[in-house]
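Hello,

Here is the structure I promised to send over. Have a look at it first, and then read on for my notes on what turned up.

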Amino acid sequence: MLGIPDPMIWSAYLLCIIFSIVCVIFGILKWNSTDDSINEVEDRQWAEAEDKMEENL
Amino acid sequence: MLILIITVFLYLAVIGYLGYLGYKRTTTTQDYLVAGRKMHPVVMALSYGSTFISTSAIVGFGGAAALFGMGVLWLTALNVAVGIFIAFVVFGGRTRRLGHHLNAHTFPELLGKRFDSKFIQIFSGLVIFFGMPLYAGVVLMGAAKFVEAKLAIPYDPALLLYGIIVFLYVVMGGLKGVMYTDAFQGAIMLIGMTILIVFTYGMLGGVTSAHEQLTALAPEAVKVFGPAGHQGWTAMPATGSQFWWILVSTIIMGVGIGVLAQPQLIVRFMTVKSQREIYRAVPVGGVFILMMTGVAFVVGALSNVYFFNNPEYHAISFIAAGKEVDKIIPLYVTQAMPEWFSAIFMVSLLAAAMSTTSSQFHAMGAAIGRDVYEQIFTNVKNPILVSRIGIFITYVVSMLIAWVLPTIFGATMAAIIASGTAIFFGLCASTFLPAYVGALYSKRITRGGVIAGMLSGFCVSAFWLFFIHAKESAALNVCQALFNKPSLAQFLNDAGKWVSYKSGFILWSDVDPLFVALPISIIVTLIISTVTKPYSDDFLKKAGVIQ
């Protein structure tokens, strides 16, 4: 298949493409899944601490 | 040359502008901290992808594909299935929730807080601080190898040139982790690799024709690498042969699984706003990884056809590049591609190296400052200085590693960049993976179990590298000094050559450390966890493991 005789190679070739297509389909199906954002207080606390760490670096 | 200078200059100007924009936004509004993270999923995915994929994947593993053939594509399949799908869909959301709940900002901190152990945090920080310079070093090396080929200058000044550019980028704010800059770099890489695959297949008469020509070259591969198990570039190496073990245990499994426990990638999930954003990033991530690694590996393998058909070389890639695997992709791009493309490709590599190294130095600086220094000395006087000195030290060590690796391993190890990356990925998987999975999914994994698992994974990996896995142990010379042989798993045969002990199809001195260290680490974590006291429900509730 595709000029490749060894099934272990052409299957890897096809699997790479198939897995990528699965990723695309998954993303489209889940595009509008529930938005489980973290609560605003926790999120703000985390973001502020993260910013402080970034400053230190 | 003029095209090259203009392209590089334009690229650096855009990076500088994006960096300035990010800087301006962070300083003008407080709300940016939260609002700014409502990143477009495409930006998040490209940023993750450009951090994941470096010059190591393109130059190092592309070169490995020129040597081992298209079997390396199994790594691409794993990269997409494990590195993107499982990492994003299975681990991503939980990591984000746990990280926020525990107010953790680095991977060691996540583990340390989850298991309520300073030791876990400090030890993880030290593993990153001392282990990651190897990975950063080979990333720098991959970029320098291309500069060497493109500008036709020796390796050392090429490395210095690239090193200085990366250093300036890091110092001038690359560490801020501006996602837009990463995403821009990801987009450049995507364009570069798309042109590369289209040109390569086009030049060789289409997909099937190109593969057929590569298949027809099999006798050339067997002539050179036959004794090691090579059966052609469109076939897997003979099962149980030396090439098979390197390809399967080190290149495919080591890196394919190791990606799950990469500290600089795990922290990316914490910066995302919600699970939905992670889901939305999956398609871009999957296609991006396919276009990076898949293209590099296919082009690497097909470079054999180009060099063999080129009367100037009339040899397989390995021979054409002077037996330097890491030089194959740079040589192919500069010789086979149009002049204007090699300028774009060089910028793509610059982008790949910059986005990865900046996150590596970020991880190493945070490891030594936040995870080690601040944990050991409770009365912290100057954490900023410690992190900065830490980053400077790791930068110097990474440059030294990139400088000495070709000399130390030049004769013994064919694919230096790929091997260096695989060592670090394997070390991370063996040390961190059971703890990470336990942190996210288990109520029963205990502090004792995690500490024992991490120590055993780390120690077995180190022992295997120094005393068993011949590729490293022979070059490191410790085994030679202590036991007078390059590897404990080898003996001197009648022809006076060191060969591996064999049990069935297992070639012991070629089995990757990951194959032994990860199972041991998992078993030790489980056993010690069952015999030690579990965490109380109160603690688990506080840690955010149970509601």
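A term to start with: helices here are DSSP runs of H or I with at least four residues, numbered from the N terminus. Please also keep in mind that this is a predicted model.

The buried ones are Phe107(B), Pro108(B), Glu109(B), Leu110(B), Leu111(B), Gly112(B) and Arg114(B). After the helix comes Asp116(B), which has a positive phi, near 50°.

**Chain B as a whole**

Stepping back, chain B has 24 helices and four strands. Its C-alpha trace spans about 70 × 60 × 40 Å along the principal axes. A compact globule of 547 residues would have a radius of gyration near 24 Å, and the 23 Å of chain B agrees with that. Of those 547 residues, 63% are buried.

Which residues make the nonpolar surface patch of about 520 Å²? They are Phe392(B), Val396(B), Leu400(B), Trp403(B), Val404(B) and Ile408(B). One of them, Val396(B), sits in helix H18, which runs over residues 383-409 of chain B. Val396(B) counts as partly exposed because its relative accessibility is 34%, between the 20% limit for buried and the 50% limit for exposed.

**The cysteines**

Over all chains, the structure holds zero of them. Cys479(B) is in no disulfide either: the nearest cysteine sulfur, in Cys459(B), is 17 Å away.

Are these two cysteines buried or partly exposed? Cys459(B) is partly exposed, because its relative accessible area is 45%. Cys479(B), in contrast, has a relative accessible area of 0% and is therefore buried.

Best wishes

Key: Residues are numbered from 1 along each chain as its sequence is written. Chains are lettered from A and ligands numbered from 1 in the order in which they are written. This is a predicted model: local features need pLDDT of at least 70, side-chain atom pairs count only at pLDDT 80 or more; totals for chains, interfaces and linings use all residues. Side-chain values use heavy atoms; hydrogens and water are left out. Patches are made of residues with over 30% relative accessible area and no salt bridge: like charges are joined within 9 Å, nonpolar side chains (Val, Leu, Ile, Met, Phe, Trp, Tyr) within 5 Å. Accessible areas come from the Shrake-Rupley method with a 1.4 Å probe; for residues, only the protein chains shown count as cover. A salt bridge is a side-chain nitrogen of Lys or Arg within 4 Å of a carboxyl oxygen of Asp or Glu. Helices (H or I, at least four residues) and strands (E, at least two) are DSSP runs, numbered from the N terminus. Buried means under 20% relative accessible area, exposed over 50%, partly exposed in between (1.4 Å probe, protein chains only). A disulfide is a pair of cysteine sulfur atoms within 2.5 Å. The radius of gyration is taken over C-alpha atoms; the globule rule is 2.2 Å times the number of residues to the power 0.38.
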